[in-house]
Amino acid sequence: MMHGPGGRKTLPPPRKINDNRELKVVELQTSLRLLSAELEKEIKEGKIQLNMEARGLVVSLRAAAFFPSGEATITPAMYPTIEKLADVIGKLPNPLRLEGHTDNRPISNDRFHSNWELSAARSIAMLELLNERYNVPRERMAIVGYADIAAIASNDTEEGRAKNRRVDIVILNEPALQEEPAAVLAPHKGKG
């Protein structure tokens with residue numbers, strides 16, 4: 001908080017992305033076309049959906065194809081698909097947000113006591129796979145667990161619930177980065 005004329009409190013000026021650092025992000029239309037071609041089979045099979053949104057390119061992975069029911073371990077049979085995605089991601093400088101989603105049916109098993117835990121765990125599992133197997137730097141990624149609060153279809157039908165169970169990999173564009181913490185824009189190089 002700063003003090004203006006007459007001792008009035010004023011808000012600090014908005015933070016500028018390029019303040020004291022160079023932020024480079026690429027335009028994502030080319031990546032959309034490349035991923036559409038590389039993942040054509042998976043898209044036709046309904047395992048993956050691609051959407052260009054105001055915040056960037058969203059790669060939506062249907063949970064039924066990538067995770068066993070109620071679990072957060074990625075099915076190894078889907079590694080070749082994730083490798084195609086990682087190849088494109090690896091060529092981009094854009095930060096990524098990994099967003100886990102569930103349907104609205106309560107979960108309670110030995111590992112997860114809520115859909116919040118399951119959605120976050122699936123996001124983390126995707127982050128760890130992208131980092132450890134495909135060398136996507138951790139400092140480029142953030143995870144979010146939405147549980148069932150960001151549904152894209154009705155939870156009244158099995159088809160709708162299946163669409164809602166997903167992990168979205170969001171390749172952020174420059175406008176979306178305006179909302180990110182400063183550390184994401186200039187990540188530290190240390191470990192930890």
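**Figure 1. Close-up of I74 and the residues it touches.** Leaving out residues up to four places away in sequence, I74 touches F66, F67, Y79, I82, A125, M126 and L129, where contact means heavy atoms within 4.5 Å. I74 sits in the loop between α3 and α4; helices (H or I, at least four residues) and strands (E, at least two) are DSSP runs, numbered from the N terminus. With a relative accessible area of 6%, I74 is buried. Here buried means under 20% relative accessible area, exposed means over 50%, and partly exposed lies in between (1.4 Å probe, protein chains only). One of the residues touched, A125, is 51 residues from I74 in sequence, yet their C-alpha atoms are 7.0 Å apart. Please keep in mind that this is a predicted model: local features need pLDDT of at least 70, side-chain atom pairs count only at pLDDT 80 or more, and totals for chains, interfaces and linings use all residues. Residues are numbered from 1 along each chain as its sequence is written, and side-chain values use heavy atoms, with hydrogens and water left out.

Figure 2. Setting aside neighbours within four places in sequence, L130 is in contact with I82, A86, L98, N135, V136, M141 and I169.

Figure 3. Five strands, in the order β3-β4-β7-β5-β6, make up an open sheet with mixed pairing; two strands pair if DSSP finds at least two bridges between them. At the edges are β3 and β6 (141–145), each of which pairs on one side only. From one strand to the next, the twist averages 20 degrees. Helix α1 packs on the sheet, touching β3 and β4, and its direction makes about 165 degrees with that of β3. Helix α4 lies across β3, β4, β5 and β7, running at about 15 degrees to β7. For these angles, axes are lines fitted to C-alpha atoms, for helices over the stretch in contact, and the values run from 0 to 180 degrees between N-to-C directions.

**Figure 4. Strand β7 and its two partners.** Why is β7 largely enclosed by the rest of the structure? Because 7 of the 7 residues of β7 are buried. In a regular strand the side chains alternate between the two faces of the sheet. On one side of β7 are R166, D168, V170 and L172, on the other V167, I169 and I171, all of them buried. Strand β4 runs antiparallel to β7 and is joined to it by 7 bridges, with L57 standing opposite I171. Strand β5 also pairs with β7 in the antiparallel sense, over 6 bridges, and here L98 stands opposite I169.

**Figure 5. S60 and D168 across a strand pair.** S60 belongs to strand β4 and stands opposite D168 in β7. The side chains of S60 and D168 make a polar contact at 2.6 Å. A polar contact is a pair of N or O atoms within 3.5 Å; within protein, one must be able to donate a hydrogen and the other to accept it, and residues adjacent in sequence count only if both atoms are side-chain atoms. S60 counts as buried, at 10% relative accessibility. Leaving aside neighbours within four places in sequence, S60 is in contact with K47, I48, Q49, R166, V167 and D168.

Figure 6. Not counting residues up to four places away in sequence, I143 touches L98, A120, S123, I124 and L127. G100 is 43 residues from I143 in sequence, with 7.9 Å between their C-alpha atoms.
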